[in-house]
Amino acid sequence: MMKVLEKQRLQNQIALVTGASSGIGSGVAKALAADGATVVVNYASSASGAEKVVKEITDMGGKAVAIRADVSKEDQVLEMYRQILEQFGTLHILVNNAGLQKDAAFVDMTLEQWQYVLDVNLTGQFLCAREAAREFIRRGVQPEISKAAGKIICMSSVHELIPWAGHANYATSKGGVMLLMKTIAQELAPHKIRVNSIGPGAIKTPINHEAWETPEAAAKLLTLIPYNRIGEPADIGEAAAWLASDESDYVHGITLFVDGGMTLFPGFTANG
Ligand code: BGC
């Protein structure tokens with residue numbers, strides 16, 4: 001079981017992790033809590049998943065609460081922030097993690113499939129980042145808590161860079177996240193708000209279970225990963241905790257790929 005760390009880099013900080021009831025989001029929530037943050041475990045539909053994550057965190061001596069909101073709906077995002085500010089007074093860290101796939105061949109993709117993915121993966125990040133930035137600007141820097149007024153971490157993907165046939169909606173959303181992140185990093189820096197992305201590769205979660213659950217699928221997937229192992233949510237959690245901490249205070253406007261080398265074009269190892 002996970003334990004709270006001795007050196008807690010995120011003490012006295014409130015963190016919101018969207019889409020934290022499973023997968024990468026739950027790994028990030030646990031890592032931030034282990035580092036001392038009080039974590040808001042946001043979820044859209046799985047209350048039981050969110051409660052499980054909250055329990056894992058409180059069992060290890062950390063602090064967490066679950067709050068429901070569909071990040072693609074403005075009224076629900078505003079209501080979630082209202083609850084956070086009422087309960088905790090402020091927010092220091094946003095991990096814009098909620099995301100999903102609705103895969104289809106391009107010629108078969110419905111407008112609904114396209115729109116749904118863009119709404120959650122891109123508009124959801126816009127809405128949550130805007131509300132976080134408003135609060136960070138209102139409060140300003142609290143030097144005893146962090147060098148920055150706030151930290152925004154966007155969950156992107158290797159597919160902000162690597163085109164992905166059969167996933168035009170998803171790849172487009174992540175390409176959008178890349179320029180949303182960089183643009184707001186440029187715009188919010190004078191307010192001492194740090195904005196970065198994490199670009200996970202293939203991480204073992206429900207979103208891509210088909211890609212790793214059989215030995216044949218896993219072997220095929222590993223041909224795309226030079227480091228030769230499939231990632232775990234904790235790999236992303238560690239990166240998020242570092243990006244949220246003052247140890248990365250001069251890191252701003254980047255995508256940190258955490259992908260075992262997936263973005264190294266491994267197809268060219270013995271070719272080209
Ligand atoms: C996708 C996964 C995929 C991984 C690597 C992620 O962004 O959500 O389904 O396995 O990229 O291709």
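Buried means under 20% relative accessible area, exposed means over 50%, and partly exposed lies in between (1.4 Å probe, protein chains only). This is a predicted model, in which local features need pLDDT of at least 70, side-chain atom pairs count only at pLDDT 80 or more, and totals for chains, interfaces and linings use all residues. Residues are numbered from 1 along each chain as its sequence is written, and side-chain values use heavy atoms, with hydrogens and water left out.

**Fold and dimensions**

- The chain holds seven helices and seven strands. Both are DSSP runs numbered from the N terminus: helices are H or I with at least four residues, strands are E with at least two.
- Read from the N terminus, the element order is β-α-β-α-β-α-β-α-β-α-β-α-α-β.
- Along the principal axes, the C-alpha atoms fill a box of roughly 55 × 40 × 40 Å.

**Packing, surface and charge**

- Of the 272 residues, 52% are buried.
- Take the contacts between residues at least 6 apart in sequence: 74% of them join residues at least 24 apart. Contact means heavy atoms within 4.5 Å.
- The chain exposes about 13000 Å², and carbon and sulfur atoms supply 57% of that area. Accessible areas come from the Shrake-Rupley method with a 1.4 Å probe; for residues, only the protein chains shown count as cover.
- There are 24 positive and 29 negative charges, and their mean positions are 5 Å apart. Lys and Arg count as positive, Asp and Glu as negative; His and the chain ends are not counted. Each charge is placed at NZ of Lys, CZ of Arg, CG of Asp or CD of Glu.

**Cysteines**

- The structure has zero disulfides, a disulfide being a pair of cysteine sulfur atoms within 2.5 Å.
- Cys 128 is in no disulfide; its nearest cysteine sulfur belongs to Cys 154, 10 Å away.
- Cys 154 is likewise in no disulfide, with the sulfur of Cys 128 as the nearest cysteine sulfur at 10 Å.
- Cys 128 is buried at a relative accessible area of 0%. Cys 154 is also buried, at 0%.

**Strand S6**

- Ser 197 sits in strand S6, residues 193–200. Its relative accessibility is 0%, so Ser 197 counts as buried.
- Setting aside residues up to four places away in sequence, Ser 197 touches Cys 154, Ser 156, Val 177, Met 181, Leu 243, Ile 254, Thr 255 and Leu 256.
- Val 195 is also found in strand S6, and Val 195 is buried with a relative accessible area of 0%.
- Beyond neighbours within four places in sequence, the contacts of Val 195 include Ile 152, Met 181, Ile 184, Ala 185 and Leu 188, along with His 252, Gly 253 and Ile 254.
- Val 195 and Gly 150 are 45 residues apart along the chain, and their C-alpha atoms are separated by 8.6 Å.

**Positive phi in loops**

- Lys 192 is not a glycine, yet has a positive phi of about 65°. Lys 192 lies in the loop between helix H5 (168–188) and S6. Lys 192 is partly exposed, with a relative accessible area of 47%.
- Asn 228 is not a glycine either, and has a positive phi of about 65°. Asn 228 is in the loop between helix H6 (215–222) and helix H7 (233–244). Asn 228 is exposed, with a relative accessible area of 51%.
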